[in-house]
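Here are my notes on the model you sent over.

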Amino acid sequence: MADPKKSRSYRDAGVDIDAGDALVEAIKPFARATARAGTAAGLGGFGALFDLKAAGYRDPILVAATDGVGTKLKIAIAADRHDTIGVDLVAMCVNDLVVQGAEPLFFLDYFATGKLSVPQATTVVKGIAAACGAVGCALIGGETAEMPGLYGAGDYDLAGFAVGAVERGRVLDGSTVVAGDIVLGLESDGLHSNGFSLVRRVVEETGLSYSGAAPFAPSRALADELLRPTRLYVRPCLAALKVGGVKAYAHVTGGGLIENVPRVLPDGLAAELDAATWPLPPVFAWLARAGGITHAEMARTFNCGVGMVAVVAPAQADVVARVLGEAGERVHRIGRIVRGTGEPTARIVNMERAWPD
């Protein structure tokens, strides 16, 4: 039975309020650096404000997205590398906004841990702020939760929340896609943030160390390769929208090309994609071989080298590809839209020829 005469504090229970306050002070400069038109308050309040009129919108539709980075966090924690995981968090949210034609406006993060390490959390939030700045999105708030007993030593979890806007009548919903439209693929920077439970299983079963050389990139550590951050497609995709012809975007996340492309197609249509039209990054070839993963399973688990898809009218396909390329994307014509039956589908041909066994 607890001694009723003994003085106790929240810190005795494992929660350090002072550490939380120190984190807020440490990250304020990073958040301030992301300020943009419409930002109306700083960190530390009970809520964050954003002025849509000041941001230049007349009749906006708000678009919201939330996501995390999954068990990629386990690799970041095991390797003690926390500088890019925040980029993943932002990318997973804002890339989902731009597929609906929305410009990301502001972002909030949630950081949960058992015992708060201010240096570790500061590094994570610094990455979040860097990604927000790269896409013109203000980091206007967040929450840090210290929950001893729920998370193991050194563990933490992340969630992100992004809000964007698009003028009424300009929402991109794929409703105008027709048979004959061209499918453009924008290359990924590797695994991005999906399939890491399988990746970690392959690493474990092959006996590799995250600090050792990557078998598919011997000059770099395995952790460095696996932790390559999710690519931020926002600015290039918004630029392509301005030239016309883009009918739909699909962010290729969990479910791969097979599951994500049909999400932006009307019923009665299918996407026919050719695996021979884009390069398969070495990390995916290694995973397939080392893990004994079939082509079909690879295509519905990983992005396999294509992180974003654009469905474009044939007459504008070259112009859109040029604009995306000028904005820094590596773009390929990877297929076309064909007639199907019933619900929309996607299929990839030539996997056996283009992807090594």
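**Notes on the model**

1. The backbone oxygen of arginine 231 lies 2.8 Å from a polar atom of the side chain of asparagine 95. That asparagine also makes a polar contact, side chain to side chain, with histidine 251 at 3.4 Å. (A polar contact is a pair of N or O atoms within 3.5 Å; within protein, one must be able to donate a hydrogen and the other to accept it, and residues adjacent in sequence count only if both atoms are side-chain atoms.)

2. Before going on, a word on what we're looking at. This is a predicted model, in which local features need pLDDT of at least 70 and side-chain atom pairs count only at pLDDT 80 or more, while totals for chains, interfaces and linings use all residues. Numbering runs from 1 along each chain as its sequence is written, and side-chain values use heavy atoms, with hydrogens and water left out.

3. Where does asparagine 95 sit? Its place is in helix α3, residues 85-98; helices (H or I, at least four residues) and strands (E, at least two) are DSSP runs, numbered from the N terminus. Asparagine 95 has a relative accessible area of 0%, so it is buried. (Buried means under 20% relative accessible area, exposed over 50%, partly exposed in between, with a 1.4 Å probe and protein chains only.) Leaving aside residues up to four places away in sequence, asparagine 95 touches Thr230, Arg231, Leu232, Tyr233, Val234, His251 and Met308, where contact means heavy atoms within 4.5 Å.

4. Next, the six-stranded sheet. It is open, with mixed pairing, and its order is β8-β10-β5-β11-β9-β12. The edges are β8 (246-251) and β12, each with a single partner strand, so one side of each has no neighbour in the sheet. On average, neighbouring strands here are turned by 25 degrees against each other, direction ignored. (Two strands pair if DSSP finds at least two bridges between them; axes are lines fitted to C-alpha atoms, for helices over the stretch in contact, and angles run from 0 to 180 degrees between N-to-C directions.)

5. Within that sheet, β5 and β11 (residues 331-339) pair in the antiparallel sense over 5 bridges, and leucine 186 stands opposite valine 331 in β11. Helix α3 packs on this sheet, touching β8 and β10 (306-312), with its direction at about 160 degrees to that of β8. Helix α7 (residues 234-243) packs on the sheet too, touching β5, β8 and β10, and its direction makes about 165 degrees with that of β8.

6. Have a look at glutamate 187, which lies in strand β5 (residues 182-187). It counts as buried at 15% relative accessibility. What does its side chain meet in a polar contact? The partner is the side chain of arginine 330, at 2.7 Å. Glutamate 187 and glycine 305 are 118 residues apart in sequence, yet 5.5 Å apart in space, C-alpha to C-alpha. Beyond four places in sequence, the residues touched by glutamate 187 include Arg231, Tyr233, Pro279 and His332.

7. The other sheet I'd flag has 4 strands; it is open and mixed, in the order β1-β4-β2-β3. Here β1 (60-67) and β3 (138-146) are the edge strands, each with a single partner, so one side of each is left without a neighbour in the sheet. Neighbouring strands are turned by 15 degrees on average, direction ignored. Strands β2 (residues 103-113) and β4 (residues 156-167) run antiparallel over 10 bridges, with phenylalanine 107 opposite alanine 162 in β4. Helix α3 packs on this sheet as well, touching β1, β2 and β4, at about 30 degrees to the direction of β4.

8. A hairpin joins β6 to β7 through 2 residues, and alanine 214 stands opposite alanine 217 in β7.

9. Finally, two backbone angles to check. Most residues other than glycine have a negative phi. Aspartate 80, in the loop between α2 (72-79) and α3, has a positive phi of about 55 degrees; aspartate 80 is exposed, at 59% relative accessible area. Asparagine 350 has a positive phi near 70 degrees and is found in the loop between β12 (345-349) and α12 (351-354). With 27% relative accessibility, asparagine 350 counts as partly exposed.
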